[in-house]
Amino acid sequence: MPKIQVLDHPLIQHKLTYIRDINTGTKEFRELVDEVATLMAYEITRDLPLTEKEIETPIGKGKSDVLAGKKLGIIPILRAGLGMVEGILNLIPAAKVGHVGLYRDPETFEPVEYYVKLPKDVSERDLILVDPMLATGGSAIEAVNSLKKRGAKSIRFMCLIAAPEGVKAMTDAHPDVDIYIAALDEKLDEKGYIVPGLGDAGDRLFGTK
């Protein structure tokens, strides 16, 4: 069974409140998403393996822990996922970044892949797939399909806000993908928006309508 973890750290929840607020402008919205992504990255990397390294301090020699060389990759779902990338890179600057682009077919309403660019060694990396919202789950499910088709073996999904319907759809489709969210909201409305949610994350990040 996948792990579904709500990251309820007080700083995450405080900043998320202002992300939701209709009165928060584009500049502040971007900055807050960036900050929350950094805070969430602390939690999602909590189980990274460590190894001991011998070092010399100003006082003498000793042993201390360093990361055990695990390769990481950050994969935003275009376009809204781009708003979370820099916040994670602030914490993990050596991670490689790939991109998955999807659009919704106007007739079937199903997500369609239009762009994928990934690190060449994607099969050797622990991938963090990011998107601010997990609503119906369609885009996230298709993005994971795209990654798996290209050899990805270890994928985690990270988002700000999720609806129960999206979480269920994602876990049914990909039970091997752990999900990390800042808030699990009430439901989807008739248009597929998360309630209470935060509106359209892409529009609010980039100042579009």
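Here is a chat about the predicted model shown above.

Visitor: Before we start, what should I know about this model?
Guide: It's a predicted model, where local features need pLDDT of at least 70 and side-chain atom pairs count only at pLDDT 80 or more, while totals for chains, interfaces and linings use all residues. Residues are numbered from 1 along each chain as its sequence is written, and side-chain values use heavy atoms, with hydrogens and water left out.

Visitor: Which residues does the UniProt annotation "binding site" cover?
Guide: According to the unreviewed UniProt entry, they include Arg 79, Arg 104, Asp 131, Met 133 and Asp 200. UniProt positions are given in the numbering used here, feature names are shortened, and annotations may be inferred rather than shown by experiment.

Visitor: And which of that set are in the lining of the largest pocket?
Guide: Among them are Arg 79, Arg 104, Asp 131, Met 133 and Asp 200. On a 1 Å grid over the protein atoms alone, a pocket is an open set of points where a 1.4 Å probe fits, with protein on both sides within 12 Å along at least five of seven lines, and lining residues have an atom within 4 Å of a point.

Visitor: Where is Asp 131 found?
Guide: Look in the loop between β8 (126–130) and β9 (133–134). Helices (H or I, at least four residues) and strands (E, at least two) are DSSP runs, numbered from the N terminus.

Visitor: Is Asp 131 buried or exposed?
Guide: Asp 131 is buried, because its relative accessible area is 13%. Buried means under 20% relative accessible area, exposed over 50%, and partly exposed in between (1.4 Å probe, protein chains only).

Visitor: What is Asp 131 in contact with?
Guide: Leaving aside neighbours within four places in sequence, its contacts include Ile 77, Ala 80, Phe 157 and Leu 160. Contact means heavy atoms within 4.5 Å.

Visitor: How about Met 133, buried or exposed?
Guide: Met 133 sits in strand β9, and it counts as buried because its relative accessibility is 17%. Beyond its neighbours within four places in sequence, Met 133 is in contact with residues including Phe 157, Cys 159 and Leu 198.

Visitor: New topic. Which peptide bond to Arg 79 is cis?
Guide: The bond from Leu 78 to Arg 79, with omega near 5 degrees. Arg 79 is in the loop between β4 (72–78) and α3 (82–91). The bond from Val 195 to Pro 196 is cis too, with omega near 0 degrees.

Visitor: OK, how many salt bridges?
Guide: The count comes to 13 salt bridges. A salt bridge is a side-chain nitrogen of Lys or Arg within 4 Å of a carboxyl oxygen of Asp or Glu.

Visitor: Which side chain does Asp 185 meet in a salt bridge?
Guide: That of Arg 20, at 2.8 Å, N to O. The pair links distant parts of the chain, 165 residues apart: Asp 185 is in the loop between β11 (178–184) and β12 (187–188), and Arg 20 is in helix α1 (residues 10–20). Asp 185 counts as buried because its relative accessibility is 9%, while Arg 20 is partly exposed, with a relative accessible area of 24%.

Visitor: What about Lys 27, which residue is its salt bridge with?
Guide: Glu 31, with the closest N and O atoms 2.7 Å apart. Both lie in helix α2 (residues 26–44), four residues apart, about one turn of the helix. Lys 27 is exposed, with a relative accessible area of 59%, and Glu 31 is partly exposed at 38%.
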